[in-house]
Amino acid sequence: MGVYVECKGLDSGVPDCIYVDAMLGWLARLLRILFGVRVVYSPSIGDSELAETECLVVTRDEELFKRRRGPAILLKTDSHVEWVAVFIALGMRPFERSRCPVCGGDLAEVDCREAETAVGHEIRSERCWRCAVCGRYYWVGSHWRRLRRLVEEAGAVSVECRRNG
Ligand SMILES: [Zn+2]
């Protein structure tokens with residue numbers, strides 16, 4: 001199984017911030033929780049801002065990709081497994097750190113009893129975290145196990161980055 005993406009401007013590695021275009025909201029959450037990167041995602045980011053930023057731009061828009069001068073990836077696939085494979089192939093490491101998937105804030109580890117009190121139900125997890133910005137709580141639950149499976153499946157996918165400009 002292989003996936004091809006068009007990419008440019010990535011010879012010196014992946015910048016530590018990533019702009020994700022408006023059609024890729026799920027990818028924005030994935031990049032925050034799985035790789036802990038700074039993600040700028042907003043349905044209202046204008047094309048001119050996307051064309052000029054220093055960050056890596058991930059887009060499905062071929063016209064935007066062509067106009068773009070800095071680092072960019074044209075990501076056509078809808079497969080979440082392939083998305084993960086692409087970012088691992090670029091040298092990013094899953095599960096080393098996380099950010100809040102909703103707002104991108106830093107996560108601080110907290111006592112799971114605090115989290116249980118806050119969310120109002122039992123949490124079966126050894127570790128719990130709270131977002132320093134929006135206050136949401138996170139723990140190792142079914143969502144986390146799905147991410148682990150995604151990463152395992154992504155390990156079997158080969159990725160070719162077709163250089164384009
Ligand atoms: Zn948050």
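V5 stands opposite C161 in β9. Two strands count as paired if DSSP finds at least two bridges between them. Strands (E, at least two residues) and helices (H or I, at least four) are DSSP runs, numbered from the N terminus.

Before going on: this is a predicted model, where local features need pLDDT of at least 70, side-chain atom pairs count only at pLDDT 80 or more, and totals for chains, interfaces and linings use all residues. Residues are numbered from 1 along each chain as its sequence is written.

Now the whole sheet. It is open, has six strands, and runs β3-β2-β4-β5-β1-β9 with mixed pairing. β3 (38-41) and β9 (158-163) stand at the edges with a single partner strand each, so one side of each has no neighbour in the sheet. The twist averages 25 degrees from one strand to the next. Angles here run from 0 to 180 degrees between N-to-C directions, and axes are lines fitted to C-alpha atoms, for helices over the stretch in contact.

Next, the helices. Helix α1, residues 25-35, packs on the sheet and touches β2 (17-20), β3 and β4 (56-59). Its direction makes about 165 degrees with that of β3. Helix α4, residues 80-89, also packs on the sheet, touching β1 and β9. The direction of α4 makes about 55 degrees with that of β1. Contact means C-beta atoms, placed from the backbone, within 7 Å.

What about the core? A nonpolar core is a set of buried Ala, Val, Leu, Ile, Met, Phe, Trp, Tyr and Cys residues joined through C-beta atoms within 7 Å. Buried means 20 or more other C-beta atoms within 10 Å of a residue's own; exposed means 12 or fewer; partly exposed lies in between. The largest core has 32 residues, and I18, V20, L31, V58 and I73 touch the most other members. Its largest share, seven residues, comes from α1. Take V58: leaving aside neighbours within four places in sequence, V58 contacts I18, V20, D21, L24, L27, I73 and L75. Another core lies apart, with seven residues, among them C100, C128, C131 and Y138.

F95 is found between α4 and β6 (107-110). Phi of F95 is near 70 degrees, a positive value in a residue other than glycine.

Conventions:
Contact = placed C-beta atoms within 7 Å.
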